[in-house]
Amino acid sequence: MRKRIYHKFPHREIEFEQKYRYYSDLPYFVKVMANMDGKFGMFVTESVAQRGHRIQAKREISVEIVRNGVDFEPLNYKNVDQMIDTIEPEGIIDFKVTLNYSYLDGKYNRVPFRGDIYLVRAILENEVLVLQIHRIEGPGRTEAGRVADTIIEEIRRGS
């Protein structure tokens with residue numbers, strides 16, 4: 001079994017940490033994370049071009065799982081089954097969640113702008129899931145707690 005722990009995960013300055021009751025195992029959690037890859041939603045945020053203006057923007061999720069303690073590799077519905085075999089029922093797994101943002105300009109062209117990148121650590125022990133989330137890049141248009149809410153919603157939805 002390969003360890004799926006990122007050696008540069010911050011220990012002191014974690015932005016968000018929450019415990020949840022969780023009645024499944026880590027392989028299932030990895031499946032949920034894989035199914036989040038490529039999903040998107042709309043949200044309102046401050047305009048990139050005009051200060052003080054609010055815009056409707058698109059937020060698209062891309063998910064990676066730590067590979068060798070140093071690198072991350074894409075995690076999605078196509079490759080999740082090969083990865084499940086390498087994952088213990090309980091323990092710690094680290095992910096990188098990238099939120100790509102874009103909006104439609106006046107001519108309905110999709111315009112990308114700077115996204116946010118989060119490290120997500122899942123710790124599962126005795127039916128208690130601890131999510132630790134820390135932003136490592138980006139302006140923070142999505143707060144870390146919102147990333148956790150999205151993951152929990154996906155678990156409840158039973159993706």
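**A tour of salt bridges and a pocket**

Begin by selecting Arg67 and Asp71, whose side chains meet in a salt bridge with N and O 3.6 Å apart. The model on the screen is a predicted one. Arg67 is partly exposed, with a relative accessible area of 32%, and Asp71 is likewise partly exposed, at 32%.

Next, select Glu73 and Arg4, which form a salt bridge with their closest N and O atoms 3.3 Å apart. This pair links distant parts of the chain, 69 residues apart: Glu73 belongs to strand S4 (residues 72–74), and Arg4 to the segment before strand S1 (16–21). Glu73 counts as buried because its relative accessibility is 16%, below the limit of 20%. Arg4, at 3%, also counts as buried.

Then turn to Asp81 and Lys31, a salt bridge whose closest N and O atoms are 3.8 Å apart. Here helix H2 (residues 80–84), which holds Asp81, is linked to helix H1 (residues 26–36), which holds Lys31; the two residues are 50 apart in the chain. Asp81 is partly exposed at 47%, as is Lys31 at 34%.

The whole structure contains nine salt bridges.

Finally, display the largest pocket, which holds about 260 Å³ of space. Of its 16 lining residues, Gly41, Arg59, Ile61, Arg146 and Thr150 lie nearest the centre. Strands S2 (40–46), S3 (54–66) and S5 (91–104) and helix H3 (144–157) each give two or more residues to the lining. H3 supplies the largest share, six residues. By type, the lining comprises seven nonpolar, three polar and six charged residues.

Terms used
Residues are numbered from 1 along each chain as its sequence is written. This is a predicted model: local features need pLDDT of at least 70, side-chain atom pairs count only at pLDDT 80 or more; totals for chains, interfaces and linings use all residues. Side-chain values use heavy atoms; hydrogens and water are left out. On a 1 Å grid over the protein atoms alone, a cavity is a set of points where a 1.4 Å probe fits but cannot get out, and a pocket is an open set with protein on both sides within 12 Å along at least five of seven lines; lining residues have an atom within 4 Å of a point. Grid points are joined across faces, edges and corners, and a volume is the space filled by probe spheres set on the points. Helices (H or I, at least four residues) and strands (E, at least two) are DSSP runs, numbered from the N terminus. Ala, Val, Leu, Ile, Met, Phe, Trp, Tyr, Cys and Pro count as nonpolar, Asp, Glu, Lys and Arg as charged, and the others, Gly among them, as polar. A salt bridge is a side-chain nitrogen of Lys or Arg within 4 Å of a carboxyl oxygen of Asp or Glu. Buried means under 20% relative accessible area, exposed over 50%, partly exposed in between (1.4 Å probe, protein chains only).
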